[in-house]
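Load the model in a viewer and keep the sequence panel open. The stops below each give something to select and say what is there.

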Amino acid sequence: MDLPVVDLAPYLRAAAGDAAPAGEEELRTLCATVSASLRDTGALLVMDPRCSAADNDRFLDVVESYFARSADAKRLQERPHLHYQVGVTPEGVEVPRSLVDKNMQEKIRSMPEEFQPATPKGPDPKWRYMWRVGPRPANTRFKELNSEPVIPEGLPEWKETMDSWGSKMISAIEVVAEMAAIGFGLSKDAFTSLMKEGPHLLAPTGSDLQRHGSEGTVFAGFHYDLNFLTIHGRSRFPGLNIWLRNGKKMEVKVPVGCLLIQSGKQLEWLTGGDCLAGMHEVVVSKRTLDAIALAKEQNRSLWRVSSTLFAHIASDAILKPLGHFAEAPDAHSYPPICAGDYVEQELSVINLKGKDGV
């Protein structure tokens, strides 16, 4: 099975009042495809004419050159006192939830063997860089989740590249959020109004395939994302597996020019569990090995960079099932909670914040 690819162009044309907008029926069908794919698979592929493959390549080139620096040089951008929510997170810091969450371990044991995730041997051997995207609130209870960005020296193109790619990916997420809301039978701005001034983070990962390039190496252990929606441009090295709602495991193939979107825990909360956060992992596979061999032939970087952006609900907004989802069978499992409090609890579990956050 392949994920559906939704072209956002017809919706964008209609939203801009184009002289020849798509018929209402076509737009309703597109929105229904978005919400159904997020509900059934926890993921979706989109094409956004505003986000080109060339933009993604430019971003990957700049971030590859950063991750190729020595560990000591990269650690100058480390900010553990800010919960690693800005700057660099070194490899060996992020702990996959499947290593520490007893309920998740139970769930894994109950899966058929062919669908079970790879077992990580410890913390993730990947680096990550957190770069905030978009405006932050003037007044918030969650200052550390809305901290100033950290800019690495010696990369003059860094800020413009990060800001440009980050804003394009946020624009794509906002359109998907509107379409999902319509598909779920909510008002068009049900999600986007809550995203305003959220602590959105462009968070590319860097995995050194020179050192960690053997088949079965787990770069990101089985986990869900704690935010609202996650979006990725296409990586130069495959390796992402996702789990569908029916429990089946699927290797994701992102076509050139497409973006991958995944549902996060905040979306699960807002839909009262109707749309579950998508489970996923990143593991060196046979397809990764083929890509490594090709990169060596072409003398290209062996850093696997993901152009990941985490779109969040605003820290001071309340997470609770919206509209008709308040009547969902599992709505009682999603009591109202401030989004910032929820994020801090989750960060504490995966070792990015002190344990006092629980």
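Start with the lining of the largest pocket and colour it by residue class: 19 residues are nonpolar, 13 polar and 10 charged. In this scheme Ala, Val, Leu, Ile, Met, Phe, Trp, Tyr, Cys and Pro are nonpolar, Asp, Glu, Lys and Arg are charged, and the others, Gly among them, are polar. The volume of the largest pocket is about 710 Å³. To find its centre, select Gly233, Arg234, Ser235, Arg236 and Arg304, the closest to it of the 42 lining residues. Elements that give two or more residues to this lining are α3 (53-67), β6 (205-208), β7 (218-223), β11 (259-263), β12 (279-283), α10 (286-297), β13 (303-306) and β14 (308-311). The largest share, four residues, comes from α3.

The model is predicted, so local features need pLDDT of at least 70 and side-chain atom pairs count only at pLDDT 80 or more, while totals for chains, interfaces and linings use all residues. Residues are numbered from 1 along each chain as its sequence is written, and side-chain values use heavy atoms, with hydrogens and water left out.

Some terms for the pockets follow. The search runs on a 1 Å grid over the protein atoms alone; a pocket is an open set of points with protein on both sides within 12 Å along at least five of seven lines, whereas a cavity is a set where a 1.4 Å probe fits but cannot get out, and a lining residue has an atom within 4 Å of a point. Points are joined across faces, edges and corners, and the volume is the space filled by probe spheres set on them. Helices (H or I, at least four residues) and strands (E, at least two) are DSSP runs numbered from the N terminus.

Next, select Lys107, Glu268, Leu276, Ala277 and Met279. These lie nearest the centre of the second largest pocket, which has 21 lining residues and a volume of about 450 Å³. Its lining has nine nonpolar, six polar and six charged residues.

Now turn to charged pairs. How many salt bridges are there? The count is 23, a salt bridge being a side-chain nitrogen of Lys or Arg within 4 Å of a carboxyl oxygen of Asp or Glu. Select glutamate 94 and lysine 126, whose side chains form one at 3.5 Å, N to O. Glutamate 94 is in the loop between β3 (87-89) and α5 (97-100) and lysine 126 in the loop between α6 and β4 (127-132), so this bridge ties together parts 32 residues apart in sequence. Relative accessible area is 12% for glutamate 94, 6% for lysine 126 and 4% for aspartate 124. Each counts as buried, because buried means under 20% (exposed is over 50%, partly exposed in between; 1.4 Å probe, protein chains only).

Move to lysine 286 and glutamate 215, a salt bridge with its closest N and O atoms 3.1 Å apart. Lysine 286 is in helix α10 and glutamate 215 in the loop between β6 and β7, so the pair ties together parts 71 residues apart in sequence. Lysine 286 is exposed at 57%, and glutamate 215 partly exposed at 46%. Then show Asp57, Asp61, Glu64 and Arg236, which salt bridges with shared partners join into one network.

Select helix α11 (residues 339-349). Eight of its 11 residues are buried, among them Tyr342, Val343 and Leu347. To see what covers the buried residues, display α5, α9, β15 (318-319) and β16 (337-338), which are included in that cover.

Go to glycine 42, in the loop between α2 and β2 (43-47). Glycine 42 is buried, at 6%. Which residues does glycine 42 touch, not counting those up to four places away in sequence? They are Ser37, Ile261, Gln262, Ser263 and Gly278, where contact means heavy atoms within 4.5 Å. Glycine 42 and glutamine 262 are 220 residues apart along the chain, with their C-alpha atoms separated by 5.6 Å.

Finally, zoom out to the protein chain, with its 11 helices and 16 strands. Buried residues are 59% of its 358 residues.
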